[in-house]
Each structure stands twice: as structure tokens, then as C-alpha cells.
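Colleague: Before I rely on the labels in your description, I would like to see each one set against its cut-off. Could you take me through them?

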Amino acid sequence: MKLFEAFIFSQKILGMNSRNLSYIKPNNKKRWIKLVDDKIRFKKILEKNDIPTPKLLGVIRNSKELSEFDWNDLPSSFVLKPTNGFGGEGIIVIFGENKKRTESGERLWVKGKGVKLDETALRNHINNILDGTYSRTNSPDVAFFEERIKLTKLFKPFAYKGIPDIRVIVYNRVPIMAMLRLPTRESDGKANLHQGGIGVGIDIATGVTTNAIMKDQMIDTVPGTRLVLSGIRIPHWDDILDIAIRTADVTKLGFAGIDIVIDRDQGPVVLEANARPGLAIQIANLAPLKERLEKVKDLKIKTTKRAIRLAKNLFGGEIEEEIEEMTGKQVIKLHQVITLYNQDETAREVPAKVDTGADSSSIDINLLKELGMDYVLDEFAHIEVPENLAEMSSEERIALMEKLNKKLKKNPDRHLHRVGVIKAGNGIALRPYVKLKIKVGNKVLNSVCSITDRTGLKYPFLLGKKDLKHFLIDPVTY
Amino acid sequence: MLQPLFDFLIQGGVPRETLIVLLMFPIVASLIVAARQIVGIKAFGIYTPLIITFAFLEIDIKYGSAIFVTSLIVASVMRFMFQRLRMLYLPKMALILSITAMTMFLILIEGVLQDRTVLIDLSVYQMLIIITMVEKFINVQIEKGYRTAVILATETLALATVGYYVITNEWFQNLVFQTPLIIAVFFLVIIFLGRYEGLRLSEYIRFRKVIENR
């Protein structure tokens with residue numbers, strides 16, 4: 001029975017047969033496949049449509065063009081590639097240039113590991129490219145120079161040598177599934193999965209990574225390190241989805257894998273479009289593709305915005321997002337980090353605990369001092385407390401409180417917001433309240449918090465009911 | 001229905017083997033197609049396993065697979081040795097193939113020394129057919145790496161072996177020869193597999209984590 005259920009479920013997976021027959025063949029016309037396979041034409045069509053891509057710096061089609069090429073046109077950093085290369089063969093990445101020229105007056109470039117290359121060396125390499133040394137069919141090829149992509153800080157610890165890229169599968173204008181590909185030591189800096197790169201699944205709704213695979217096996221961290229691969233928030237997520245859809249649009253591919261890298265300065269740029277995207281993305285996401293493809297098969301989607309929203313609603317895994325959309329309330333955890341602002345708007349992050357049993361929030365007295373708000377306490381110290389406070393009836397206490405607060409309210413410049421008369425463990429006491437600007441999740445609130453002594457407690461801030469109006473609390477996740 | 005045609009050909013001097021090879025062709029082809037689309041065995045496309053199956057039919061599986069393995073080893077060593085050699089693709093491939101062909105002398109010498117008549121009488125054309133497979137092998141090695149090339153070569157050898165035992169099976173040969181219309185079934189199988197959308201057996205294994213995680 002279990003086996004039967006597994007079989008039924010497995011029909012939601014996209015296999016090679018189905019991919020070729022039902023998705024590539026009817027959706028990707030031959031002439032458009034040819035277009036995306038030609039890196040130079042592909043780049044030009046992207047540039048024409050204002051889709052960001054590494055700039056084309058020069059093309060060399062034959063030895064005549066090579067001899068006429070003006071080396072002074074090149075910047076000091078670039079990438080040299082064969083048009084029909086595969087598996088990253090024949091690519092030279094130039095990181096910089098020596099200030100001094102060679103004796104014959106040629107420019108002197110520096111590639112990885114500080115290896116120096118002069119124009120003659122580059123010319124030899126280009127001759128090899130033109131000869132077809134690196135081309136798939138070993139037939140004559142074309143060489144081109146393109147702008148070098150600079151690694152973003154976020155990915156620096158995760159990537160070995162190369163640049164990580166993000167693969168987005170787009171079908172019928174909808175981004176269906178995405179993964180982050182990381183080059184590893186084993187893949188020798190290449191992000192291709194079958195060369196030993198790491199594939200990390202991405203939640204379409206949030207752009208946060210989920211699971212990771214390497215050579216079809218699940219992994220938690222980058223091998224040999226403690227870097228956890230899940231929970232990474234990919235920056236510019238909506239832009240990434242947007243340019244993926246637009247790239248599929250302009251290349252007329254109905255079913256495509258768009259490869260995007262994040263440049264330190266430019267943000268997301270399109271590197272390649274693939275008319276025959278691989279299927280391992282299903283393992284990285286632990287989710288079957290076919291089921292998703294069928295959901296959007298017959299839809300007619302006009303704008304990219306709508307396509308993104310649809311994809312997020314249909315394929316986003318995070319339940320929180322869905323609830324937030326339905327109720328308009330954000331889901332927060334029982335314990336979470338919030339931001340406090342003092343009078344000078346200086347932000348300070350503190351761990352806070354949600355306490356639905358408390359009416360108002362409270363802040364630790366020492367934390368208040370650390371925020372430089374001692375003056376609140378000074379004002380509180382000036383309040384005259386009746387000596388018979390301990391013997392008062394509850395009516396008298398309320399009356400006293402109203403009287404004190406009325407007096408406080410007269411001064412609009414006060415820092416002590418109000419006072420409360422409360423029953424403390426050993427009798428009755430006055431408690432000061434302060435108005436504080438706080439940020440919980442992405443909502444900024446003006447909270448009136450009581451000031452208490454929370455020395456020795458784990459959380460210097462308690463979130464009470466009055467500040468929880470805009471939130472739903474998820475007690476399970478920590 | 002086809003019997004009169006066969007009789008006519010055989011009386012005209014066409015060897016029975018020729019007819020068998022032609023009739024067996026769609027059968028071996030459908031076997032290779034099924035291996036790809038249902039099981040997920042890729043091998044070196046359709047041509048190579050097909051032609052090697054029939055080469056084995058001529059020179060016997062024992063010597064055929066020996067030549068197969070020998071030429072792969074020789075070619076791998078050659079490619080490794082010539083890797084650093086700055087040479088254009090086609091001449092380099094010609095060099096590797098020619099050297100591989102020369103090693104066949106060793107097999108012939110062995111045949112003479114051991115006085116194995118079968119080895120001495122080996123059809124040289126079948127030998128060369130097996131050797132040309134080296135080109136495929138090296139191409140895959142360049143594009144997808146040594147591991148993949150070895151896997152695909154092993155799959156090719158396995159497919160050719162299965163194909164060999166199918167077409168040398170006497171009962172099966174008689175069946176096909178006596179009711180040649182049976183090959184229509186294999187044509188239908190090929191057409192059906194051409195429209196088959198199901199997962200390959202290998203994909204159930206590849207995607208097991210996705211299935212387990214449902």
C-alpha cells in the first residue's frame with residue numbers, strides 16, 4: 001500500500017521522457033534554442049530589452065579580426081570565453097592589470113593565483129579558441145570578451161573559486177522552481193551540478209534557501225566547513241524572478257532554465273538561458289516539478305508582477321506568508337529579536353519574549369539606562385508618594401493614579417509617560433511607564449512599557465498584549 | 001506471407017544469416033530503445049550498441065568483448081599520454097584510433113602462439129567496427145569526464161551482450177524466421193516508447209529523496 005502511494009506520488013516528478021516530449025518540444029522552437037545557445041546573440045537581445053547581463057566588451061571571429069583587435073579597448077578586468085564552450089573549458093578570467101607594461105610595450109594582465117599574461121599569451125589562447133580547441137564539436141569557434149562579475153559579500157564564504165548562480169525554471173511566464181548553485185572544491189569552481197557543485201533549494205515565496213544536495217545526496221553544510229546552507233535569504237529576490245521571466249519572454253522559450261548571478265555592484269544579471277534545463281532542481285527543493293508545471297499550464301498571464309504573485313501563492317512553501325496574506329497579520333515567534341530606538345533614534349537590537357499574559361510590554365531598568373534614558377527615572381524619583389500607600393483601598397489607589405497621571409499629562413515635554421499603581425509581591429508600589437519606539441518584525445510601534453528590574457532574566461524585554469495587536473504568535477518555532 | 005520472398009532470396013544465393021541479421025535489426029533496436037526510455041540505460045546512443053551487437057554476432061561474444069575492453073584501455077592510456085600534446089582534434093583522434101588498431105596485432109600474435117584458430121580467423125572488419133567506438137568513448141570523456149565515459153561504455157557492453165544472446169537464441173531465431181510478421185510487434189513497441197512519458201526506472205532511484213519526502 002505504501003509502495004503504491006509512493007508510486008502515485010512519483011507521477012508528479014518530471015522525468016527525462018516527459019521533459020523532452022511534453023515540455024521542451026512543444027514550448028521551445030528550434031530557432032530560439034539556437035539563439036540562446038549562441039552566447040553573443042543572446043547577450044545582444046538581452047541588452048536590447050534592458051535586461052541586465054555582463055557587458056560584451058569585444059568579439060573576435062577570425063584571425064583577421066584578431067590581428068586588427070585594439071588591446072587598449074579592454075578594461076583591466078574581464079573574462080575571455082569561447083562562444084561554443086562547454087563545462088567552463090577555455091575560459092580565462094582576468095582580475096587585474098600590472099601598471100608596468102612588458103618590454104615590448106604590451107599590456108600585462110593578471111589572472112587567478114597571480115599568474116601574469118601578456119597580449120601574446122592571450123592572442124595564443126584566442127587562436128586556440130578560433131581553432132575550435134574548446135568547442136563542443138571541435139569546429140572553428142568565436143572568442144569574446146565580457147565584463148567580469150564580482151562576487152557579492154553574502155556568497156563569499158560559500159563559493160569556492162567561482163561565482164554561485166541562481167537557476168530559475170520559468171514555464172508559461174511563471175517562475176516554477178529555483179535553486180542556488182555553489183561551486184565547490186570538487187567541482188573546481190564550476191557551479192554545474194553534475195560536475196560536483198552544490199544545489200540549494202529556494203522557497204519561491206521568500207527567496208530563502210531550504211535544502212541542499214551535492215551529487216544527488218542531501219547535505220546540511222558546505223563540505224569541510226560549518227556553513228549551514230539552509231536559511232540564506234537571497235538578496236533582490238523579486239528582481240531575480242522578474243528578470244528571469246523577462247529573459248524567457250524575449251528569448252521566446254516557453255520552458256527554460258534561466259541562470260542569474262548577483263554582481264556586487266549591479267545586482268542580479270542574467271548569465272545564460274537554457275532550453276533544456278536539468279531535473280536535479282527537484283532534489284534540491286525536495287519537490288516534484290511536473291505537478292507545478294501542470295498547475296500553470298493553461299493560464300494566460302499578462303504582467304510579470306502577476307506571474308510573480310501567482311508563483312509565490314502557488315509554490316511558496318512558507319505557511320506564515322500565506323497566513324499573513326489572509327489575516328494581514330505578521331507571524332512572530334515566542335522569542336525574537338526586536339529593535340529599540342532611544343531619543344536620538346539610535347537603534348539597538350535586543351532579545352524579547354512574547355508574554356500574552358501581560359497587558360503592556362516592559363523593559364529592564366538597566367537596559368533603559370544603557371539606552372541613555374536615565375532622565376525618565378529622574379522624573380519618576382521626583383513624584384511624591386503618599387506614605388499611606390500600603391493601606392489604601394483599591395478605589396483610593398485608582399484615584400491616586402488618575403491624579404498623578406493628570407498632573408503628568410500637563411507637561412507635554414515629559415519623558416515619564418505615566419505611572420501605575422500595582423500590587424507587588426510585598427505590598428503596593430508605583431511603577432513608571434515610558435513611551436518607546438520599537439520595531440517588531442517589520443512593524444514600527446509606539447509602545448508604552450513599564451520599567452521593571454529584570455536583572456538575571458534572559459530577556460530584558462517583554463512584549464505584552466497591547467503591542468501584539470498586529471501579530472499572530474507561532475508557539476512552535478524558536 | 002513473407003515465406004515465398006525468403007525462399008526466393010535463399011534460392012538466389014542470399015545466405016540465411018543475412019536475412020536473420022536484417023530481421024533482427026528492429027528487435028535489437030527496440031531493445032536498446034526500451035533500455036533507454038524505460039530502464040534509463042543510456043549507453044552510447046543507438047548506433048554504437050546496435051553495431052557492436054552485430055559485430056559480436058560475427059566474432060563471438062568472448063573475443064568481441066575482449067577486443068572491446070582492450071581497445072578502451074589502450075585508447076584511455078593514449079588519450080592520457082597525448083593530453084598535453086598540442087594537436088588538433090581530428091589528427092589526434094586519428095592517431096589514437098590508429099594506435100588502438102595496431103594493438104590488434106597483439107591479439108593476433110596471441111592467437112598464433114596459442115594456436116587458437118577462432119582468434120586467427122577473426123573478421124577484421126568487425127574488429128575495426130569495435131575500435132571505432134573509441135571515438136565515442138573519447139568524445140564523452142572530453143565532454144562529461146572519465147567516469148561518465150566508463151559508465152556509458154559499460155552500459156554499451158552490457159546492452160550488446162544482452163542483444164547478442166537474444167539474436168543468437170536458436171528458438172527465437174526460428175520464431176522470427178518462421179513468422180517474420182512478429183517484427184511488426186517490435187515496430188509498435190518502438191512507436192509506443194517514442195511517446196512514453198513515464199519515469200525511467202533509474203529516475204525512481206535518482207529522485208528517491210523527493211519521493212521519501214512527500
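**Labels and their cut-offs**

Colleague: Why is N172(A) called partly exposed?

Modeller: The relative accessible area of N172(A) is 22%, and the class runs between two limits, buried being under 20% and exposed over 50% (1.4 Å probe, protein chains only), so N172(A) is partly exposed. This is a predicted model in which local features need pLDDT of at least 70 and side-chain atom pairs count only at pLDDT 80 or more, while totals for chains, interfaces and linings use all residues. Residues are numbered from 1 along each chain as its sequence is written, chains are lettered from A and ligands numbered from 1 in the order in which they are written, and side-chain values use heavy atoms, leaving out hydrogens and water.

Colleague: What is the backbone of N172(A) like, and where does N172(A) lie?

Modeller: N172(A) has a positive phi of about 50 degrees although it is not a glycine, and it is placed in the loop between β7 and β8 (174-182) of chain A.

Colleague: What makes K252(A) partly exposed, and what is its phi?

Modeller: K252(A) reaches 47% relative accessibility, which puts it in the partly exposed class. Its phi is positive, about 60 degrees, although K252(A) is not a glycine, and its place is in the loop between α7 and β12 of chain A.

Colleague: Why is the pair of Y171(A) and F255(A) called edge-to-face?

Modeller: A search of the whole structure finds 14 aromatic pairs over all chains. For Y171(A) and F255(A) the ring centres are 6.1 Å apart and the planes stand at 80 degrees; rings of Phe, Tyr and Trp (its six-membered ring) pair if their centres lie within 6.5 Å, with planes under 30 degrees apart counted as stacked, over 60 as edge-to-face and the rest as tilted, so this pair is edge-to-face. The pair links distant parts of the chain, since Y171(A) belongs to strand β7 (residues 165-171) and F255(A) to strand β12 (residues 255-263) of chain A, 84 residues apart.

Colleague: How do you know whether Y171(A) and F255(A) are buried or exposed?

Modeller: Y171(A) has a relative accessible area of 4% and is therefore buried, and F255(A), at 1% relative accessibility, counts as buried too. In chain B, Y164(B) and Y165(B) also form an edge-to-face pair, 5.2 Å centre to centre with 80 degrees between the planes, and Y164(B) is buried at 9% relative accessible area.

Colleague: Why do you call α3(B) oblique to α9(B)?

Modeller: Two packed helices are described by the angle between their axes and the distance between the axes. Helix α3 (residues 47-59) and helix α9 (residues 146-168) of chain B pack at an angle of about 50 degrees, with axes 8 Å apart. That makes α3(B) oblique to α9(B), because angles under 35 degrees count as roughly parallel, over 145 as roughly antiparallel, 65 to 115 as roughly perpendicular and the rest as oblique. The axes are lines fitted to C-alpha atoms, for helices over the stretch in contact, and angles run from 0 to 180 degrees between N-to-C directions.

Colleague: Which residues of α3(B) and α9(B) meet?

Modeller: From α3(B), T48(B), P49(B), I52(B), T53(B), F54(B), F56(B) and L57(B) meet T156(B), L157(B), L159(B), A160(B), G163(B), Y164(B), I167(B) and T168(B) of α9(B), where contact means heavy atoms within 4.5 Å. By class this contact has 10 nonpolar, 5 polar and no charged residues; Ala, Val, Leu, Ile, Met, Phe, Trp, Tyr, Cys and Pro count as nonpolar, Asp, Glu, Lys and Arg as charged, and the others, Gly among them, as polar.

Colleague: What makes I107(B) buried, and what is it in contact with?

Modeller: I107(B), found in helix α6 (residues 104-113) of chain B, has a relative accessible area of 15% and is therefore buried. Leaving aside neighbours within four places in sequence, I107(B) is in contact with I67(B), T70(B) and L119(B). Chain B as a whole comes to 13 helices and 0 strands, and 41% of its 214 residues count as buried.

Colleague: Why is S450(A) called buried?

Modeller: S450(A) lies in strand β20 (residues 443-452) of chain A, and its relative accessible area is 4%, so it is buried. Apart from neighbours within four places in sequence, S450(A) is in contact with S361(A), S362(A), I363(A), R431(A), P432(A) and Y433(A).

How values were computed. Helices (H or I, at least four residues) and strands (E, at least two) are DSSP runs, numbered from the N terminus.
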